[in-house]
Amino acid sequence: MPLDINVVRNEPEAVKESERRRFRDPALVDQVLALDAEWRASVSRADQLRGEKNAVQKRITAAKKAKEECDDLLAEKRRVEAEAEAEVKRTKELLADRDRELAKLGNILDESVVVSQDEEADMDKVHEWTSPAAPPRVLPEDGRNHHHLLYMLGGYEPERGTSVAGHRAYFLTGAGVLLNQALVNFGVSFLTERGYTAVQPPYFMKKEVMAGVAQLEQFDEELYHVKGPRDEEYYLIATSEQPLCAMHMGDWISERDLPIRYAGTSTCFRKEAGAHGKDNWGIFRVHQFEKIEQFVICECDIEKSRALHEEMRHTAQDFLQALGISYRVVNIVSGELNNAAIKKYDIEGWFPGYGTYRELVSCSNCTDYQSRAMGIRCGQKKMNEDKKYVHMLNSTLCATTRCLCAILENYQTDRGVRVPEALVPYMGGRTFLEFKRNLDGTPFTGPVARPPAAPVA
């Protein structure tokens, strides 16, 4: 996923400043420029040698017509051809070296991003909403967290899951399946009504294609590697954003057909290495889950992509409001952004079990960073004009397991869990899910007296 080399050439100080704001060494910009200069010189030398070869060939042709000796000219041609071949090889190597370093540079940050490495100390809270249906409360010490509630509903089997598929695996059953599927169906319907086209992408991608849309460190830290029958290398998707980025690979899209809005629906697979403590509870952070994704492609216009970024954020907010989950919106600080994003919002829902807000939505504007790697252009095909690449934006609408956790904790009662009104049509009309068993596995016979959850001041 490269930054435009022309931006680095023409605006090196802007790129350096962006790298500083990302808390990275701006010296990398000079390294890229040095490699670029070396590559351009090599290209020039290769062109020069091709010219010399053509000139020698003309002299050989003339000598043969005149029936003159041309052994010296043939030897010179072989020498020039060998030198040209070596220079072309060097050119390719230099380009690979330059592009490898270029890929380490991040997209140029939006001016509204707060410069910090500490999300907690320098939090930029943009918006907050309190649900009238389930206002924020903190559970008492012996309160029920989402994994307790889901188990009591007969909604999942964690031990059976881990015995079959290892750490953090699970079987969803009964009410768990119904809620999960309701979130998928409601999410797709929600976006379809707003002009999005539903897309179910492939769940794995070729290694070389994934390399164009994912940062290198994601390969080892996040993505599952699989092999085909002839040892072809693939990676399971961590989000439908990845295959949707590549869906129009190599296309030239007319600006009159933009923006394109996709509602990606897929199962996602993530290693989720390094999580510990409460994050390991239940289905909050798992290796496999369903997700509905907003993915938008627009023309190469920063003002238009900024406007769409805000629109997508508000769409995600509207979805959480429909579910009645209290949330806050955070403008992510510069040191926490990935290379592709110029700006990212996280929308964090209230979790009574954690007594805090946790991420439910990530909403990013990546401008042309990903489309450049995928070769997706827009506008008229004109000679001698700079190539224009589309802008790409992505936003979670609903990661079902995480959202399910928030619903369970916010809508719990002493006898079961209320179903958010928006999900009732997708739950066969069910408005309430009753507990089936106690935490020890015995049948649930009635509530045990416990202190109520405390409202958040």
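Which residue in E14 stands opposite isoleucine 347? In this predicted model, the residue opposite isoleucine 347 is valine 361. Good morning, colleagues.

Strand E13 covers residues 343-351 and strand E14 covers residues 356-365; nine bridges join them, and the two run antiparallel. Helix H13 packs on the sheet here, where it touches E11, E13, E14 and E16. The direction of H13 makes about 40° with that of E16.

The sheet as a whole is open and consists of eight strands, with mixed pairing. Reading across, the order is E1-E12-E13-E14-E16-E11-E10-E5. At the edges are strand E1, residues 124-129, and strand E5, residues 197-199, each of which pairs on one side only. On average, and with direction ignored, neighbouring strands in this sheet are turned by 25° against each other.

I would now draw your attention to strand E16. Is E16 mostly covered or mostly uncovered? E16 is mostly covered, with nine of its nine residues buried. On one side, E16 pairs with E14 in the antiparallel sense, over three bridges. Serine 364, for its part, stands opposite asparagine 394 in E16. The pairing of E16 with E11 is likewise in the antiparallel sense, and it runs over eight bridges. There, histidine 391 in E16 is the bridge partner of cysteine 298.

Helix H7 lies across E5, strand E10 (260-269), strand E11 (288-298) and strand E16 (391-399). With E11, H7 makes an angle of about 10°.

For helix H7, residues 175-192, and helix H13, residues 400-410, the angle is about 115° and the axes are 10 Å apart. Since angles of 65 to 115 degrees count as roughly perpendicular, H7 and H13 are therefore roughly perpendicular to each other. H7 passes H13 in a right-handed crossing. From H7, the contact is made by Gly176, Leu179, Asn180, Leu183 and Val184. From H13, the residues are Thr400, Thr401, Cys403, Leu404, Ile407 and Leu408. By class, the contact of H7 with H13 has seven nonpolar residues, four polar residues and no charged ones.

Threonine 401 counts as buried because its relative accessibility is 3%, against a cut-off of under 20%. Leaving aside neighbours within four places in sequence, threonine 401 is in contact with Tyr170, Asn180, Ile283, Val286 and Phe289.

For contrast, consider another helix pair. Helix H2, residues 12-21, and helix H3, residues 27-65, pack at an angle of about 140°, with their axes 8 Å apart. That angle makes H2 oblique to H3. H2 contributes Pro12, Val15, Lys16 and Glu19 to the contact, and H3 contributes Val29, Asp30 and Leu33. By class, the contact of H2 with H3 has four nonpolar, no polar and three charged residues.

The bridge partner of phenylalanine 204 in E8 is leucine 236.

Within strand E6 we find methionine 205. Is methionine 205 buried or exposed? Methionine 205 is buried, because its relative accessible area is 5%. Not counting residues up to four places away in sequence, methionine 205 touches Met210, Val213, Glu233, Tyr234, Tyr235, Ile237, Gln242, Pro243 and Ala246. Histidine 167, in turn, is 38 residues from methionine 205 in sequence and 24 Å from it in space, C-alpha to C-alpha.

That concludes my presentation. Thank you for your attention.

Notes: Residues are numbered from 1 along each chain as its sequence is written. This is a predicted model: local features need pLDDT of at least 70, side-chain atom pairs count only at pLDDT 80 or more; totals for chains, interfaces and linings use all residues. Side-chain values use heavy atoms; hydrogens and water are left out. Axes are lines fitted to C-alpha atoms, for helices over the stretch in contact, and angles run from 0 to 180 degrees between N-to-C directions. Helices (H or I, at least four residues) and strands (E, at least two) are DSSP runs, numbered from the N terminus. Angles under 35 degrees count as roughly parallel, over 145 as roughly antiparallel, 65 to 115 as roughly perpendicular and the rest as oblique. A crossing is left-handed if the near helix is turned anticlockwise from the far one by less than a right angle, and right-handed if clockwise. Contact means heavy atoms within 4.5 Å. Ala, Val, Leu, Ile, Met, Phe, Trp, Tyr, Cys and Pro count as nonpolar, Asp, Glu, Lys and Arg as charged, and the others, Gly among them, as polar. Two strands pair if DSSP finds at least two bridges between them. Buried means under 20% relative accessible area, exposed over 50%, partly exposed in between (1.4 Å probe, protein chains only).
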